[in-house]
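Here are some notes to go with the model, written for someone opening it for the first time. Keep the viewer at hand and follow the points in order.

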Amino acid sequence: MVMDVPDLSRRSMVLKAVPAIACGLGELALPSRARAQKSNHEDSVAPRTPKIWNAEYWARRGDISLYLYRKRVGAPQGEGGKLPVLLLAHGSSVSSRPTFDLSVPGHGDYSLMDQFAGYGFDVWTMDFEGYGRSSQTAGNSDIAAGVEDLKAACKVVLEETGQTRFHLYGESSGALRAGAFAMTQPERVDRLVLVSFTWTGQGSPTLAKRSESVEYFRAHNRRPRTRDTIRSIFTRDQPGTSDPAVAEAMADAELKFGDTVPTGSYLDMTTKLPLVDPLKIKSPVLIARGEYDGIASEDDLLNFFRKLPVPDRQLVVLPGASHSVALGTNRQQFWHVMRSFLEMPPRLDRGQA
């Protein structure tokens with residue numbers, strides 16, 4: 001089926017129009033071919049910039065349907081159209097597209113997907129179980145479930161792109177999911193980007209406050225998520241590090257999916273850390289932290305960084321940024337750092353040309 005990719009507000013039509021892909025959890029074989037909704041038009045990032053093509057896909061994990069979204073410059077054209085793949089994993093309170101493909105008219109460019117598609121990447125993202133367009137279940141969508149979601153998603157990405165390895169980006173609890181996935185599926189991860197990441201949680205004022213609600217998280221698989229909750233993502237650490245219009249645009253886009261989200265990542269982050277073993281990470285790693293981010297202390301991240309066994313690793317503190325570095329006032333600095341890391345020339349040893 002070929003049709004325009006709908007706006008977020010046309011959710012019901014999307015759900016009826018796109019069939020699911022069957023993906024077994026333990027299978028190494030690819031699922032049946034994804035049926036994507038490909039747009040008949042191409043969305044422009046800005047005047048005189050490349051045209052962005054987009055498509056929607058579905059994967060399955062058991063009975064759970066998982067929504068995937070893709071952007072790149074131009075439609076795929078077989079072997080000659082292959083681009084480096086970048087898969088983005090969202091955090092605890094907001095689903096994929098309001099996080100990574102946000103439109104804030106009159107306030108500048110905020111779509112991470114558009115930016116990196118414009119840089120020449122084939123950019124994908126996914127709603128984890130219980131978020132956005134993906135299935136809402138009786139589960140709490142914890143970090144372990146998120147790793148299984150990524151396994152299901154990567155089968156679709158592999159089938160559609162023909163590439164067995166991809167760059168993986170995780171933000172906040174998405175960074176925990178990405179790191180845990182990289183531990184178990186090292187053959188799939190090319191370069192790993194961990195943003196607003198926490199390792200042990202020691203010295204984190206955000207997690208100390210969140211731990212006051214542990215018993216609620218144990219007793220409930222979903223928690224309230226209001227407009228004020230979304231605003232607090234941008235204000236809880238250091239007000240003034242983002243444009244207030246961004247929080248309002250995100251809330252407008254996200255609250256269409258309801259006023260609750262799963263508790264699993266909150267419970268894991270307050271009771272089970274550490275969940276990522278740095279000694280088991282085999283891919284190059286970029287860790288990016290906002291100067292004011294309260295989710296992890298610099299000492300916590302430095303201790304993680306020191307234990308990484310790969311020499312190709314970077315730890316960057318972004319000045320003037322809080323928890324949401326990719327949507328802050330100084331997001332261009334983050335784009336620069338991340339792009340430079342992903343486009344790092346390959347290592348040459350003595351004797352190599």
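1. Let's start with a pair of helices: how are H4 and H5 oriented to each other? This is a predicted model, by the way, so everything below describes a prediction. H4 covers residues 143-161 and H5 covers residues 173-184. Their axes come within 9 Å and cross at roughly 65°. Angles of 65 to 115 degrees count as roughly perpendicular, and H4 and H5 are therefore roughly perpendicular to each other. As for handedness, H4 passes H5 in a right-handed crossing.

2. What do the two helices touch each other with? On the H4 side you'll find Ile143, Gly146, Val147, Leu150, Lys151 and Cys154. They meet Ser173, Leu176, Arg177, Ala178, Ala180, Phe181 and Thr184 of H5. Sorted by class, that contact has eight nonpolar, three polar and two charged residues.

3. While you're around H4, have a look at Ser141, which sits in the loop between strand E8 (122-126) and H4.

4. Next pair: H8 and H9, the latter spanning residues 244-254. Here the axes come within 9 Å and cross at roughly 140°. Over 145 degrees would count as roughly antiparallel; H8 and H9 are therefore oblique to each other. The crossing of H8 and H9 is right-handed.

5. Which residues make the contact between H8 and H9? From H8 come Arg227, Ile230, Arg231 and Phe234, and from H9 come Val246, Ala247, Glu248, Met250, Ala251, Asp252 and Glu254. The split by class is six nonpolar, no polar and five charged.

6. H8 (227-235) turns up again in the second largest pocket, where it supplies at least two residues of the lining. The pocket holds about 330 Å³ of space. Its lining has 14 residues, and Lys209, Arg210, Phe217, Arg223 and Tyr266 lie nearest the centre. By class, this lining has five nonpolar, five polar and four charged residues.

7. The largest cavity has about 180 Å³ of space. Of the 16 residues lining the largest cavity, Gly91, Ser92, Ser93, Ile233 and His323 are the closest to its centre. The lining of this cavity has six nonpolar, seven polar and three charged residues.

8. The peptide bond joining Leu273 and Pro274 is cis, with omega about 0°.

Conventions: Residues are numbered from 1 along each chain as its sequence is written. This is a predicted model: local features need pLDDT of at least 70, side-chain atom pairs count only at pLDDT 80 or more; totals for chains, interfaces and linings use all residues. Side-chain values use heavy atoms; hydrogens and water are left out. On a 1 Å grid over the protein atoms alone, a cavity is a set of points where a 1.4 Å probe fits but cannot get out, and a pocket is an open set with protein on both sides within 12 Å along at least five of seven lines; lining residues have an atom within 4 Å of a point. Grid points are joined across faces, edges and corners, and a volume is the space filled by probe spheres set on the points. Helices (H or I, at least four residues) and strands (E, at least two) are DSSP runs, numbered from the N terminus. Ala, Val, Leu, Ile, Met, Phe, Trp, Tyr, Cys and Pro count as nonpolar, Asp, Glu, Lys and Arg as charged, and the others, Gly among them, as polar. Axes are lines fitted to C-alpha atoms, for helices over the stretch in contact, and angles run from 0 to 180 degrees between N-to-C directions. Angles under 35 degrees count as roughly parallel, over 145 as roughly antiparallel, 65 to 115 as roughly perpendicular and the rest as oblique. A crossing is left-handed if the near helix is turned anticlockwise from the far one by less than a right angle, and right-handed if clockwise. Contact means heavy atoms within 4.5 Å.
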